[in-house]
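Q: I have not looked at this one before. Can you take me through it?

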Amino acid sequence: MKWIRSTLALVVLAAMAPAAQAAGNIDCQLRYNLAGWSVFYKTAEGTGTVTCDNGASFPVKITAKGGGLTVGKTRITDGRGRFTGAQSLNDLVGTYAAAEVHASASKATDAHVMTKGNVSLALAGTGQGWSLGIGFGKFVIERR
């Protein structure tokens, strides 16, 4: 279980490391909370706020659905994400493809790296719950 957490932490840190911004890209972050469960099928819902370096900010609704060899119930209360590759606010909303490995007991730690075209989103969060598994699916961000 420790090697899974270590691997997840390395993936998230690498994805969240400062990258050279291409001309026209905007730097945006996501603060979120998310709660859900899984027994082969995984579902979660939550809310958040996107804030960008150009001063833009807007509230969002988040849903995640997928499947795999997964079981658990978690609530992420301190989630943070970083977008890369976005050129406009419209690039941030939509459906991201997600794959994950997760393991937690009592205190939950969540980490994902997902993509939607040229836009990537690295998420990391902490909260409560328990989970174990390997899953895949979609992560949807909509304006509230």
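A: A definition comes in handy at the start: a patch is made of residues with over 30% relative accessible area and no salt bridge, and nonpolar side chains are joined into one within 5 Å. Also keep in mind that this is a predicted model.

Q: Okay, which residues form the nonpolar patch on the surface?
A: Trp 37, Val 39, Phe 40, Tyr 41, Leu 69, Val 71, Trp 130 and Leu 132 form it, and together they have about 870 Å² of accessible area.

Q: Which elements give two or more residues to it?
A: Those are β1, β2 and β5. The most comes from β1, which gives four residues.

Q: Take Val 71. Where does it lie, and is it buried, partly exposed or exposed?
A: Val 71 lies in strand β2. Its relative accessible area is 33%, so Val 71 counts as partly exposed.

Q: And Leu 132, what is its bridge partner?
A: Leu 132, in β5, is the bridge partner of Ala 103.

Q: How do β3 and β5 pair, and over how many bridges?
A: Strand β3 covers residues 94–104 and strand β5 covers residues 119–143; they pair in the antiparallel sense over eleven bridges.

Q: What about β3 and β4, how many bridges there?
A: Three bridges join β3 to β4, which is residues 107–116, and the two run antiparallel. Ala 98 has Met 114 in β4 as its bridge partner.

Q: What is between the strands in that hairpin?
A: Two residues lie between β3 and β4, and Ser 106 in this hairpin takes a positive phi near 70°.

Q: New topic: how many salt bridges does the structure hold?
A: Three. In one of them, the side chains of Asp 27 and Arg 82 meet at 3.4 Å, N to O. Asp 27 lies in the loop between α1 (2–16) and β1 (28–52) and Arg 82 in strand β2 (residues 57–84), so this pair ties together parts that are 55 residues apart in sequence.

Q: Are those two buried or exposed?
A: Asp 27 is partly exposed, at 21% relative accessible area. Arg 82 is buried, at 13%, because buried means under 20%.

Q: Which side chain meets Arg 31 in a salt bridge?
A: Asp 78 does, at 3.4 Å, N to O. Since Arg 31 lies in strand β1 and Asp 78 in strand β2, the pair ties together parts that are 47 residues apart in sequence. Arg 31 is partly exposed at 44% relative accessibility, and Asp 78 is partly exposed at 32%.

Q: And what does Arg 80 form a salt bridge with?
A: Asp 78 as well, with the closest N and O atoms 3.6 Å apart. Salt bridges that share partners join Arg 31, Asp 78 and Arg 80 into one network. Arg 80 has a relative accessible area of 42% and is partly exposed.

Key. Residues are numbered from 1 along each chain as its sequence is written. This is a predicted model: local features need pLDDT of at least 70, side-chain atom pairs count only at pLDDT 80 or more; totals for chains, interfaces and linings use all residues. Side-chain values use heavy atoms; hydrogens and water are left out. Two strands pair if DSSP finds at least two bridges between them. A salt bridge is a side-chain nitrogen of Lys or Arg within 4 Å of a carboxyl oxygen of Asp or Glu. Buried means under 20% relative accessible area, exposed over 50%, partly exposed in between (1.4 Å probe, protein chains only). Patches are made of residues with over 30% relative accessible area and no salt bridge: like charges are joined within 9 Å, nonpolar side chains (Val, Leu, Ile, Met, Phe, Trp, Tyr) within 5 Å. Accessible areas come from the Shrake-Rupley method with a 1.4 Å probe; for residues, only the protein chains shown count as cover.
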